[in-house]
Amino acid sequence: MNQKISVVVPTYNRNDQLSEVIDHLLASGVDGFSDIEIIVVDDGSIESAKPVVESKRFAKPFRLIYLYQQNSGPAAARNNGFREASNSVVLFIDDDVLVSKNLLCKHWRAHLDKPGSVIFGLYPYVKPETGTPSYRYLDMIERAVRDEVSAQKTSGFVRASIVASGNLSVEKITFDPERGVYDETLKTPMSEELELAIRLWDQKIPVYYAPQIEALHTQPTTIEGKCIQDYKYGYGIAEAYSRLAGIAPPEQFAYTLRVNGPVRRDDPFKLKLAKTTKAALGSKAVRSLFLKLVKFLEYLMPNQDRILFAVYRKVVGVHYFAGIRDGLQRFCKN
């Protein structure tokens, strides 16, 4: 088979991780591939990623390309890599994601099965040497998603209203080469993914989640990291919402805004109470105290997962709510 794929890896100040990411890509299965183009886009790193790229040894069908841009964010880096890509299928991989041996082939074949679609896969956290309650909690969330997909008895592809750019592939023909895939004017991390998901939904371009296309995420597994991530995600939702310009969002997106936005006169009493409580807990000072309490409980009862998981859900939910609230205040003042 004459399989060809371009892989875009945006990177910023992560040379050690980037080296491992490239090594995993170069160890990918190549059966059926005539060209595997790996494009590393350096987003103005303080320590250039060029020596990392140039130190790698590779042979056909691999090609390794280094691009540099002034620091402009991951959306611009992905777009620049997309424009440089010479193959019809373009895969985006983050600089902290390690691909499995058959991941490239699975993405390429996914576009044979679902032509004209956007495909994204799973990338659970790398298991730490010493198990922690926060890792067990995050792993439980990942497993719950897999179980939900399995229960649907699909062929391995589930229609989705979101995207996850750390392990996502598109077809070049789907997007305007000048505009690229992502909106580069958005500033909040993750907002470009949300805007893309809404735009794809509005344009009726199908998005599929494929949990069988799995990589590994090398980020540390701490509840603090999860809280920061969910705060940014909530903030990004608000910025993406501010750019809708009359587009009605998908129901899942609209529901998230409805239950996490400001109190409205027509809200049911329970929802008003929940919003008021989250708002009281959502200030930066209270969130900080909440996280200190979590760390104390982890120290006090490291194996009491039932109690810790309940507390984790609350503290993560408060950060998510606070991100949406703060984002709406900044981007949707009118």
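Arg 78 lies over the face of Tyr 182, 5.2 Å from the ring centre. The model is predicted, and it holds 10 aromatic pairs.

**Phe 82 and Phe 175**

- The ring centres of Phe 82 and Phe 175 are 6.2 Å apart and the planes stand at 85 degrees; planes over 60 degrees apart count as edge-to-face, so this pair is edge-to-face.
- The pair links distant parts of the chain, 93 residues apart: Phe 82 belongs to helix α3 (residues 74-84), and Phe 175 to the loop between β8 (167-171) and α6 (191-202).
- Both Phe 82 and Phe 175 are buried.

**Aromatic cluster**

- Tyr 137, Phe 309 and Tyr 312 are joined into a cluster by ring pairs.

**Helix α10**

- Helix α10 covers residues 284-300; at 1.5 Å a residue its 17 residues should span 24 Å, which agrees with the 24 Å between its end C-alpha atoms.
- The buried residues in α10 are Arg 287, Phe 290, Leu 291, Val 294, Leu 297 and Glu 298.
- Viewed down the axis of α10, these buried residues fall within an arc of 120 degrees, so they line one face of the helix.
- An α-helix has 3.6 residues a turn, so residues three or four places apart point the same way.
- Exposed residues on the other side of α10 are Ala 285, Leu 289, Lys 292, Tyr 299 and Leu 300.

How values were computed:
Residues numbered from 1 in each chain as written. Predicted model: local features only at pLDDT ≥ 70, side-chain atom pairs only at ≥ 80, totals over all residues. Heavy atoms only, no water. Phe/Tyr/Trp six-rings, centres within 6.5 Å; stacked < 30°, edge-to-face > 60°. Helix = DSSP H or I, 4+ residues; strand = E, 2+ residues; numbered from the N terminus. Buried < 20%, exposed > 50% of the residue type's maximum accessible area, 1.4 Å probe, protein only. Lys NZ or Arg CZ within 6 Å of the ring centre and 35° of its normal. Expected span 1.5 Å × (residues − 1). Arc of directions from axis to C-beta.
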